Amino acid sequence: MAQSNQPLAERTEPVAGSGTPVVIAPGHTFASVTDKISSIVLTQRTPIGWYLALLTAAGMAGLLLISLSYLVVKGIGIWGNNIPVGWAFDITNFVWWIGIGHAGTLISAILLLLKQTWRTSINRFAEAMTLFAVACAGIFPLFHTGRPWLAYWLFPIPNTMGVWPQFRSPLIWDVFAVSTYATVSALFWYVGLVPDVATLRDRAKGKFAQRVYGMMSLGWRGSARHWHRYETAYLLLAGLSTPLVVSVHSVVSFDFAVSILPGWHTTIFPPYFVAGAIYSGFAMVLTLAIPMRAIYGLEDFITMRHLQNMAKVMLLTGLIVAYGYGVEAFIAWYGGNYYEGFMMLNRINGPYWPQYWALIFCNVIFPQLLWFKNVRMNVPLLFVISIVVNIGMWLERFVIIVLSLHRDFLPSSWGMFRPTFWDWTTYVGTIGLFLTLLFLFVRLLPVISIFEMRTIVPEAKVQEGHGH
Amino acid sequence: MAEFESPTTLVAAANKTREAGYVDVDAYSPIPIEELHHAIGFKNTKLPLMVLIGGLLGGTGGFSLEYWVSAIAYPLNVGGKPLVSWPMFIPVTFECTILGAALTAVFGMFMLNKLPQPYHPVFNNPRFAMASRNRFFLCIEATDQQFDLDKTRAFLDTLGAHEVTTVAE
């Protein structure tokens, strides 16, 4: 906030003396912020590039529809996972998507509680990203059951079989954690949208748009009483989401850690999974934010300060993840367990060594470039790093899941996993679904929280001395 | 209803209105203003208490469900472990607590704000569309005991408003 009060000649360049770029470019007012962000949605002409992008994404999402339909018809035998590798792409993708979602909640909740005003211009689409990522994640365990129409067996619903879920199983915890997470993320996102949708309602020209935004805004009119309760609710939601986000990935890690499989059965999993989730999530936010700010000319709002801060969070969480890898290897040796030691050597030097070393390169070695300020200020390079980290985090889950499973305790039950065509199409399909939802969101709803952006322009501050 | 151009003038005007003895007052702004709810004489909301209760209900509900399922409805002896192995019930209890509290926070907020409310007289003012962009409004409602169309209008004129309008019910 302090920076945004200073007059600056150059946008997004470092403030003289402090070395920190601004959170919002100078010269913006309530009106300019409102008009700029809402014009993306309210413009009459949809850019042709948007149609092309949506068509591509929707085509990929169509692939998902085909893959899942075929899966329902044929059964999960169309995927490459089979005993001993009972979990492969499905759970890898599930954990990957859930992890990506976590950055959205972290940005919207934890950074709000820490009063980090720079979060304001990225929280809306990061939350949207969370929601869409969780939707993609949910598909995998659901269809991995093989009979998704019986998914209600997972819920404690009275049924004619008289059977109830096993509450001592981490898989049931997962059901509760992920469904709570999806619900709370959706609520958080919607609550944040209400005042902005009211702005769109007031500014939309078309009758249809006015009606739809009018209904979505619930008749929001910005009353001081409403704002007060709204702020209270928003802060409480942030306070509730913070432990929630930590618990969700801890519970996801329990799916592994509570089992007795070497490579899964370690106590470091919860913190290391949470750090990894934030790591991959911030990478995904960067992957999405960098093209978006260029295409829609949002450099005033998503400044170098944001990109730099996200790069720093990635560097930090990346180091925690690297520490996790180190501890895993150390304990495998120090613990003296034969199977654990074998698992570790097998990762380094076994049939899947290329995946393991690619993971180390993507997650540990390459991101060390972020130590250099020149790298953090270099937007194309940041984009490349974010993609590499996304790949690395996917490989991490692949290594944890497949490599721990493919060597069973007895050599007679060893096996190998090779992804099939349908493994790939399902994965690519969820990326398509994710992008489709994202493109629709960018076109139909404000990608940046307008009312929160208004609060960080200089004129938003009530001047002392007038009030009382 | 008076229109202002900045949060500072709105808060100052709201303070003066409260000091002048008006009670049925509301202020409208495009951003949340911390000082404003005090200025219009609004006491703290009971939302946090509701959220606490919602969370507690969610948590006890979750744990009771697990207890009932595991010990009463479907007791399953797994390796001689106790039926009520409560440490294993904590994750679900925790998630249910958060769920109960979050649902209460959102729907409690909407309920206390009486939203959704498709119609409100303030929308009759054509300039009110700016309340979601860059204008600030202070409204003294006709239900106020001190309300008198001419006097109240004159009073609002003294507050340095950009424009004062009368809004029909």
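Colleague: How many residues does the contact take from chain B and from chain A?

Modeller: In this predicted model, the area buried between chain B and chain A is about 5700 Å², and carbon and sulfur atoms give 70% of that area. Within the share that chain B buries against chain A, B:Pro32, B:Glu95 and B:Arg133 supply 12%, more than any other three residues. As for the residues themselves, the contact takes 68 from chain B and 61 from chain A.

Colleague: Which helix of chain B gives the largest share of the side that touches chain A?

Modeller: Between chain B and chain A there are 23 residue pairs in polar contact, with both residues at pLDDT 80 or more. On the chain B side, at least two residues each are supplied by helix 1 (7–19), strand 2 (25–28), helix 2 (36–39), helix 3 (47–73) and helix 4 (90–112). The residues of this side divide into 50 nonpolar, 13 polar and five charged. The largest share of the side, 16 residues, comes from helix 4 of chain B.

Colleague: Which residue of chain B forms a salt bridge with A:Arg225?

Modeller: Side chains of opposite charge can pair when their charged atoms come close. The count of salt bridges between chain B and chain A is two. In one that involves A:Arg225, the closest N and O atoms are 3.5 Å apart, and the partner is B:Asp26.

Colleague: Is A:Thr436 buried or exposed?

Modeller: A:Thr436 is found in helix 14 of chain A, which covers residues 421–444. Leaving aside neighbours within four places in sequence, A:Thr436 is in contact with A:Leu54, A:Ala57, A:Ala58 and A:Ala61. Because the relative accessibility of A:Thr436 is 13%, and the cut-off for that class is under 20%, A:Thr436 counts as buried.

Colleague: What is the angle between the planes of A:Trp220 and A:Trp227?

Modeller: A search of the whole structure finds 51 aromatic pairs over all chains. A:Trp220 and A:Trp227 form one that is edge-to-face, with 5.0 Å from centre to centre, and the angle between their planes is 80°.

Colleague: How many residues apart are A:Arg347 and A:Glu328?

Modeller: A:Arg347 forms a salt bridge with A:Glu328, in which the closest N and O atoms are 3.3 Å apart, and both of these residues are buried. A:Arg347 lies in helix 10 (residues 338–349) of chain A and A:Glu328 in helix 9 (residues 304–334), so that the pair links parts of the chain separated by 19 residues.

Colleague: Which residues are joined with B:Arg135 into one network of salt bridges?

Modeller: B:Arg135 forms a salt bridge with B:Glu5, with the closest N and O atoms 3.8 Å apart; because B:Arg135 lies in the loop between helix 4 and strand 3 and B:Glu5 in the loop between strand 1 and helix 1, the pair ties together parts that are 130 residues apart in sequence. At 15% relative accessibility B:Arg135 counts as buried, whereas B:Glu5, with a relative accessible area of 44%, is partly exposed. The side chains of B:Glu163 and B:Arg127 meet in another salt bridge, at 3.7 Å from N to O, and this pair links strand 4 to the loop between helix 4 and strand 3 of chain B. Through shared partners, salt bridges join B:Arg135 into one network with B:Glu3, B:Glu5, B:Arg127 and B:Glu163.

Note on methods. Residues numbered from 1 in each chain as written. Chains lettered and ligands numbered in written order. Heavy atoms only, no water. Contact = heavy atoms within 4.5 Å. Buried area = accessible area lost by both parts, 1.4 Å probe. Salt bridge = Lys/Arg side-chain N within 4 Å of Asp/Glu carboxyl O. Polar contact = N/O pair within 3.5 Å; in protein donor to acceptor, adjacent residues only side chain to side chain. Helix = DSSP H or I, 4+ residues; strand = E, 2+ residues; numbered from the N terminus. Nonpolar A, V, L, I, M, F, W, Y, C, P; charged D, E, K, R; others polar. Phe/Tyr/Trp six-rings, centres within 6.5 Å; stacked < 30°, edge-to-face > 60°. Buried < 20%, exposed > 50% of the residue type's maximum accessible area, 1.4 Å probe, protein only.
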